[in-house]
Amino acid sequence: MTNERLIYLPIGGAGEIGMNCYVYGHGAPGRERLIVIDLGVTFPDMDSTPGIDLILPDISWLEARADRIEAIFITHAHEDHIGALAHLWPKLNAPIYARKFTAAIGRHKMQDVGLPKDAITVVEARPAVVNAGPFDVQFVPISHSVPESSALVIDSPAGRVVHTGDFKLDPAPVVGEAWDPAAFEAIASERPVKALMCDSTNVFTPHPGRSESTLGGPLRELIGNAKGMVVATTFASNVARLKTLADAAQASGRSICLLGRAMRRMVATAQETGILTDFPATISPEQVLDMPRDNVLLIVTGSQGERRAATAQLARGKYLGIDLKEGDMFLFSSRTIPGNERSVGRIMNQLSEMGVTLQDDGGGLYHVSGHANRPDLVAVHSIVKPQMMIPMHGEHRHLREHARLATEAGIRSTIVTNGMVMDITGNTPVPVERIEPKRVYLDGGMLIGAFDGVVRDRIRMALNGHIMVTLLVDENDELMGEAWVETMGLSNVGRTGPFSEGLERDLTDWLDKAGAKMMRDDDRLEEGIRRQVRNIGQNEIGKKPEVTVVISRLSDE
């Protein structure tokens with residue numbers, strides 16, 4: 001049908017780093033059959049999302065079209081690509097496809113919340129093809145900082161799309177598959193590539209990316225020369241880095257202990273799926289306590305300052321009986337993700353106060369990025385030769401720079417951010433619809449909307465404190481006794497004396513003069529009390545607190 005179109009919609013990951021979720025559709029406008037690429041999360045912070053566990057994309061648009069979704073494809077096992085799968089899949093209930101290692105991680109997540117693990121189908125790499133309605137999809141091995149990462153070749157009646165996922169050009173990644181330019185040359189030669197959707201994370205880094213294999217020597221030297229206990233933190237999913245660290249420890253005669261559930265799960269899953277075949281033996285935390293400190297390397301979770309992870313707990317004093325002492329060394333074999341600087345800095349200062357020697361990534365000596373740098377992106381553009389390039393996986397400044405880079409090379413490119421529905425059927429991407437890109441919060445065990453008011457109220461209480469006012473009204477609509485006040489998060493002393501006592505006294509005086517009409521009307525009475533409390537709070541302690549009013553009435557029956 002001539003009126004059919006190919007559409008592309010990023011729901012998360014375009015205009016931000018994290019929370020990746022992309023949609024492709026083909027068919028008549030408004031009736032396209034759809035596929036979903038990745039269901040990822042981003043992480044909260046105490047300033048803007050206090051108490052929240054995870055931030056997920058709002059998939060309301062997809063949920064309303066769930067009967068048109070053919071499949072969900074997961075490119076790799078990083079949390080910003082797979083972390084929302086178990087939380088959001090029940091809303092979509094579509095088949096999930098992933099390669100073996102990614103599928104194993106996904107199945108753990110599904111089982112953790114009581115969902116069927118057989119919802120995920122393991123797919124082999126290209127040339128294997130998954131037929132999903134009008135789409136034929138192939139997983140193409142590509143190097144990244146987690147094993148079995150894949151780009152996707154997405155064929156439709158309107159043309160071929162290459163969706164890179166996250167990638168780097170690493171010919172020797174230690175664990176996982178190497179960058180293979182011949183594979184992408186073949187993809188481009190088989191059928192012209194209409195669109196390249198491409199990772200933009202490191203577009204501002206001017207030098208070519210370095211291989212994971214370059215870290216082995218420096219890490220062996222660093223750990224071999226250390227005197228006390230050595231602790232290293234990195235991303236749990238970076239199995240290659242875990243292997244390099246463990247090999248360096250083994251070479252220096254140190255035993256290896258993995259601390260953190262995510263770390264242990266990643267290593268175990270990599271071993272179970274055959275990705276990791278020669279990881280050195282590890283010891284338990286209990287065994288660490290019985291060994292000389294200079295015979296141990298701890299590899300721990302929490303490189304981004306996560307409050308409950310092993311790194312933060314060691315910085316606070318002790319974890320599973322293990323504590324750090326002066327002369328120990330703590331290695332951050334990772335890059336701090338923008339936004340996490342304060343959390344990581346706080347932990348570093350806590351460790352420094354203990355006398356622990358701190359070692360960061362050493363300007364790249366002990367860490368390499370998992371994303372393609374600027375020259376690497378140019379290389380991929382030239383190999384794939386797309387008709388158009390749409391940047392993804394990056395903040396707006398990354399997308400803009402990546403689009404400029406492609407345009408200068410003669411490739412049509414445009415900036416597409418979350419919520420923009422693009423028609424990519426023709427020679428140039430055309431915006432055809434805009435949806436509001438929203439977020440959903442995992443708060444404990446519940447999913448709540450970002451605009452439901454829960455977090456807003458939590459922030460307001462954190463900023464202003466909280467006061468509960470309780471009063472008892474008799475059958476004649478008169479106050480019985482005095483108003484009773486409970487404060488939380490506020491000073492005990494005001495400008496004129498004890499704050500709670502003064503507040504109770506002033507409120508009681510006001511209620512005695514309120515008049516029968518107000519005392520009969522709970523809504524007016526509640527609003528009047530709230531206004532009085534906020535005014536008194538402003539005068540006494542310089543705060544307008546959040547106020548809860550409880551009115552109990554005695555019945556005359």
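Leu554 is partly exposed, with 36% relative accessible area (buried means under 20%, exposed over 50% and partly exposed in between, with a 1.4 Å probe and protein chains only). Leu554 sits in the segment after β30, which covers 546-553 (strands are DSSP runs of E with at least two residues, helices are runs of H or I with at least four, and both are numbered from the N terminus). This is a predicted model, so local features need pLDDT of at least 70 and side-chain atom pairs count only at pLDDT 80 or more, while totals for chains, interfaces and linings use all residues. Residues are numbered from 1 along each chain as its sequence is written, and side-chain values use heavy atoms, with hydrogens and water left out.

**Surface patch**

- Leu554 teams up with Leu472 and Met480 in a nonpolar surface patch, and together they have about 210 Å² of accessible area.
- Patch members have over 30% relative accessible area and no salt bridge; like charges are joined within 9 Å, and nonpolar side chains (Val, Leu, Ile, Met, Phe, Trp, Tyr) within 5 Å.
- Accessible areas come from the Shrake-Rupley method with a 1.4 Å probe, and for residues only the protein chains shown count as cover.

**Salt bridges**

- The count comes to 33 salt bridges (a side-chain nitrogen of Lys or Arg within 4 Å of a carboxyl oxygen of Asp or Glu).
- In helix α17 (residues 522-541), Arg530 and Glu527 are three residues apart, so about one helical turn separates them; their salt bridge has its closest N and O atoms 3.6 Å apart.
- Both ends of that pair are partly exposed: Arg530 at 23% and Glu527 at 39%.
- Glu546 and Arg534 make another salt bridge, with 3.9 Å between the closest N and O atoms. This one links distant parts of the chain, from Glu546 in strand β30 to Arg534 in helix α17, twelve residues apart.
- Glu546 is buried at 15% relative accessible area, whereas Arg534 is partly exposed at 27%.
- There's also a network: Arg126, Asp155, Arg160, Glu190 and Arg191 are joined by salt bridges that share partners.
- Lys325 and Asp323 pair up too, at 3.7 Å from N to O; Lys325 is partly exposed at 41%, and Asp323 is partly exposed at 23%.

**Cavities**

- Two cavities of 30 Å³ or more turn up. On a 1 Å grid over the protein atoms alone, a cavity is a set of points where a 1.4 Å probe fits but cannot get out, and lining residues have an atom within 4 Å of a point.
- Grid points are joined across faces, edges and corners, and a volume is the space filled by probe spheres set on the points.
- The largest cavity holds about 70 Å³, and its 15 lining residues include His144, Ser145, Glu212, Asn238 and Ala240, which lie nearest its centre.
- That lining splits into seven nonpolar, five polar and three charged residues (Ala, Val, Leu, Ile, Met, Phe, Trp, Tyr, Cys and Pro count as nonpolar, Asp, Glu, Lys and Arg as charged, and the others, Gly among them, as polar).
- The second largest cavity has about 40 Å³, and its lining includes Ile142, His144, Pro173 and Glu177; five lining residues are nonpolar, four polar and two charged.

**Second largest pocket**

- The lining of the second largest pocket has ten polar residues, four charged and one nonpolar.

Key
1 Å grid on protein atoms, 1.4 Å probe; cavity = no way out; pocket = protein on both sides within 12 Å on 5 of 7 lines; lining within 4 Å.
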